Amino acid sequence: MGLATHDNLTMNAMFLSNPEPSSFTWTFQNSSHNSFTELIDGTDNFVIHNAPFTSNLSALSMGTRTNIKEAWFGLYKVTAINSEGNGTVTFIVAATGKPNPPYEGTAVCQNTDRAILSWRSAFNGGADQTFAVGRRQNEKDNFVIDQALDRVQDPGQDRIINITVFGLSPGTQHLFTVYAVNTFGNSTFIKDVNCTTKVTESSPENSPLGAILGGVGGFVVAIIVIVVIVVIVITKRRTSGKNTRDDDTEMIPRVGRSAEDDSSGS
């Protein structure tokens, strides 16, 4: 039977037995191990339920495992034992789901046009997986698959993968995610990663000449401002002085004397 991680596993083992089985034993073998280990009722999400013996000589033992993990795919065996011997039923449980999300993702932008991405490969879901990179410049945009990059092959679960993404805009924040893809589906980083590319060296704000020209320009502006202030002050003073001299030389009308005043005085 095929399952994906986090699915629930149910196995029903039916035996014809006479006399009634005295016990049932469940064991498990992971695909990476050669030996079987006994499964204990109530441990590692595994529960055993044995149905009462019936008159038609059938006996049922049911094993369930919830929220299955990648380490729990493999062979399950249940053995019924009575006074006459024993019988065994085997279940093969295979992973048939999409990959688990890649993890420990990072992005580093040490240049103006590229970024180095790094992540770890997770469980492949039971089928070969490859990786693709998606990128965007705004959180509101959708991720677009970088077609310039070939699909990255899986080096093995928990192994580190490093790649370089080229063709980025300088002085810009770039957001990335990684898709793990197999025949059953895909998964991505739980949280995307980002970095900001360096500013190009020819930019005025990043150039020594630009800094010099900027300083000279600021100095010239300061001189111009000072000259304007001096001219305004001098002009104001000259205007103020002229008004004072006009007041001083203003012709004050003299009071007129009549002919009668002149004759009376004589």
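Trainee: Why is Asp146 called buried?

Mentor: Buried means under 20% relative accessible area, exposed means over 50%, and partly exposed lies in between, with a 1.4 Å probe and protein chains only. Asp146 has a relative accessible area of 11%, so Asp146 is buried. The model is a predicted one, in which local features need pLDDT of at least 70 and side-chain atom pairs count only at pLDDT 80 or more, while totals for chains, interfaces and linings use all residues. Residues are numbered from 1 along each chain as its sequence is written, and side-chain values use heavy atoms, with hydrogens and water left out.

Trainee: What makes the contact of Asp146 and Arg135 a salt bridge?

Mentor: A salt bridge requires a side-chain nitrogen of Lys or Arg within 4 Å of a carboxyl oxygen of Asp or Glu. For Asp146 and Arg135 the N to O distance is 3.4 Å, and their side chains meet in a salt bridge. Asp146 lies in the loop between β12 (144-145) and β13 (152-153) and Arg135 in strand β11 (residues 130-136), so the pair ties together parts eleven residues apart in sequence. Strands (E, at least two residues) and helices (H or I, at least four) are DSSP runs, numbered from the N terminus. By the salt-bridge rule, the count comes to four.

Trainee: Why is Arg135 called partly exposed?

Mentor: Its relative accessible area is 26%, so Arg135 falls in the partly exposed class.

Trainee: How do you know that Arg136 and Asp192 form a salt bridge?

Mentor: The N to O distance between the side chains of Arg136 and Asp192 is 3.2 Å, which meets the rule. This pair links distant parts of the chain, 56 residues apart: Arg136 is in strand β11, and Asp192 is in the loop between β16 (185-188) and β17 (193-196).

Trainee: Are Arg136 and Asp192 buried or partly exposed?

Mentor: Arg136, at 16% relative accessible area, is buried, whereas Asp192, at 24%, counts as partly exposed.

Trainee: What is the salt bridge of Glu104?

Mentor: The side chain of Glu104 meets that of Arg120 at 2.7 Å, N to O. The two are 16 residues apart, with Glu104 in strand β9 (residues 103-108) and Arg120 in strand β10 (residues 115-120).

Trainee: Why is Glu104 called exposed?

Mentor: Glu104 has a relative accessible area of 53%, so Glu104 is exposed. Arg120, with 25%, is partly exposed.
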